[in-house]
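Notebook open, model loaded. I want to go through the confidence first, then the fold, then a few residues.

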Amino acid sequence: MTRRVAVGPVARRVRLLAALLALIACSGVLPGLRSSASADPNLDQARASAVALNAEVSRLRAEVALATERYDSVTERLGAATSRVLSAQAWADALRGVRAEGSDDTVARARAVYMGGGSLALYASVLDGRDLGDVLSRAQAIRLLVDADATRIDAADRAIGSADEQVRQLDAAVSAQELLRAQAQAAAATVSGLLDEQARLMAQADAEVRALAAEAAAQAAAQAAAQARAALAAAGTALDGSALPPAPTALAARAIAAARTRLGVPYVWGATGPDTFDCSGLTGWAYRQAGVRLPRVAQDQWFAGPHVALADLQPGDLVFWATDPARPVTIHHVAIYVGNGLVLQAPRTGDVVKISPLWLDEYIGAVRIPSPLATASPAAG
């Protein structure tokens with residue numbers, strides 16, 4: 001005989017709810033309770049699309065960074081060319097002024113001498129002097145006048161030649177300036193086009209794919225940062241998670257302090273501060289405040305000091321990333337190492353200057369800036 005156990009109303013409701021949830025889960029009504037066997041077949045496709053989206057976005061970001069490097073390099077050379085044009089123009093104008101100033105009186109006097117019979121007639125005029133002393137005095141005065149005019153004429157001739165040469169140099173400088181200006185416009189168009197393509201790509205992806213892509217990207221970044229921290233810890237670098245360690249030199253301390261005042265300002269490609277920056281614009285600005293002038297672009301900053309191993313990183317070192325870590329010509333990003341496995345960087349369009357974990361994907365190495373690299377006084381930006 002089977003004993004029947006009395007079940008209270010609360011227990012009956014719990015059992016009923018459990019049975020109902022099991023039925024709903026089996027029917028697939030609640031996606032969050034689906035078993036793996038009844039998962040939405042579109043989810044795998046969304047995940048695959050998210051992987052493809054991240055790969056394409058990463059490719060475009062690398063291309064944008066390299067294109068920004070080219071733009072920065074061209075605009076730096078354009079600035080130098082513009083300075084040469086202005087200098088050549090000023091020098092040519094000065095020479096023209098010397099030529100005009102030296103020739104007016106001389107030409108008028110030479111015309112008068114010519115109309116009076118030339119320099120021989122001028123010398124002959126001394127013969128009507130009162131005595132020999134007067135004649136010699138007049139002759140000396142005439143000789144000085146004629147010699148001075150000859151000197152002015154020679155100087156004017158040299159000024160004419162110099163001015164003509166300067167005009168030729170000016171023309172060459174203007175031509176170089178126009179070429180660089182065209183290259184800068186082309187480089188800017190390339191960057192803008194790549195950013196537009198990236199924006200279109202994100203807009204075309206649906207919300208689920210974008211969410212999955214963001215999640216995957218965050219996981220990849222965390223993994224890369226964890227690998228870097230593990231490598232630093234294995235190399236004996238202290239990573240205690242506390243406040244940032246002090247910089248080893250006054251130069252590095254000043255550069256880091258300057259960069260930290262820019263935290264939160266927007267990234268803008270081609271910008272060198274003080275209110276917007278790209279990656280090498282920030283590192284260059286920070287070190288300029290410390291009294292050292294760095295090259296404009298990251299690829300040139302790579303050669304601004306001795307290279308240091310990952311195990312030897314110190315606050316203030318510049319750290320670099322490249323699409324091909326075996327080829328410095330592919331360097332596309334630079335940041336300032338601030339200790340404890342962290343870097344201070346201007347990351348990319350749409351982001352701001354911030355402190356981030358160091359990552360090893362595409363990491364090519366680090367450079368320690370000597371003190372001083374070049375003579376420069378701190379600038380206001």
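My entries follow, from the whole chain down to single side chains.

**Confidence**

I started with the scores, since this is a predicted model. The protein averages a pLDDT of 77, and 65% of the residues score at least 70. Where pLDDT is low, the predicted coordinates should not be read in detail. I left both stretches alone after that.

**Overall layout**

I counted elements next and got eight helices and six strands. Reading from the N terminus, the order is α-α-α-α-α-α-α-α-β-β-β-β-β-β. I also checked burial: 33% of the 381 residues are buried. The exposed surface comes to about 21,300 Å², and carbon and sulfur atoms supply 60% of it. For contacts between residues at least 6 apart in sequence, I noted that 69% join residues at least 24 apart.

**Helix α5**

I picked α5, residues 207-234, to check its span. Its 28 residues reach 40 Å from first C-alpha to last, close to the 40 Å expected at 1.5 Å a residue. At its start, a side-chain oxygen of D206 comes within 3.2 Å of the backbone nitrogen of E208. Then I listed what is buried along the helix: V209, L212 and A213, then A224, A225, A228 and L232.

I went through some of the pairings by bridge count. Five bridges join β2 to β3, and F320 stands opposite V334 in β3. On β6 (residues 363-367), β2 has four bridges, with W321 opposite Y363. Strand β3 (residues 331-339) is joined to β4 (residues 342-345) by three bridges, and there I found I336 opposite L344.

**Strand β2**

Why do I call β2 largely enclosed by the rest of the structure? Because five of its five residues are buried. In a regular strand the side chains alternate between the two faces of the sheet. So I sorted the residues of β2 by face: L318, F320 and A322 are on one side, V319 and W321 on the other, and all are buried, which means both faces are covered.

**D317**

Is D317 buried or exposed? Its relative accessibility is 2%, so it counts as buried, the cut-off being under 20%. I looked for a polar partner and found the side chain of R368, which makes a polar contact with the D317 side chain at 2.9 Å. Leaving aside neighbours within four places in sequence, I have D317 in contact with V308, D312, A335, I336, Y337, V367 and R368.

Terms used: Residues numbered from 1 in each chain as written. Predicted model: local features only at pLDDT ≥ 70, side-chain atom pairs only at ≥ 80, totals over all residues. Heavy atoms only, no water. Helix = DSSP H or I, 4+ residues; strand = E, 2+ residues; numbered from the N terminus. Expected span 1.5 Å × (residues − 1). Buried < 20%, exposed > 50% of the residue type's maximum accessible area, 1.4 Å probe, protein only. Polar contact = N/O pair within 3.5 Å; in protein donor to acceptor, adjacent residues only side chain to side chain. pLDDT = per-residue confidence, 0-100. Contact = heavy atoms within 4.5 Å. Areas by Shrake-Rupley, 256 points an atom, 1.4 Å probe, with all protein chains shown as cover. Pairing = 2+ DSSP bridges.
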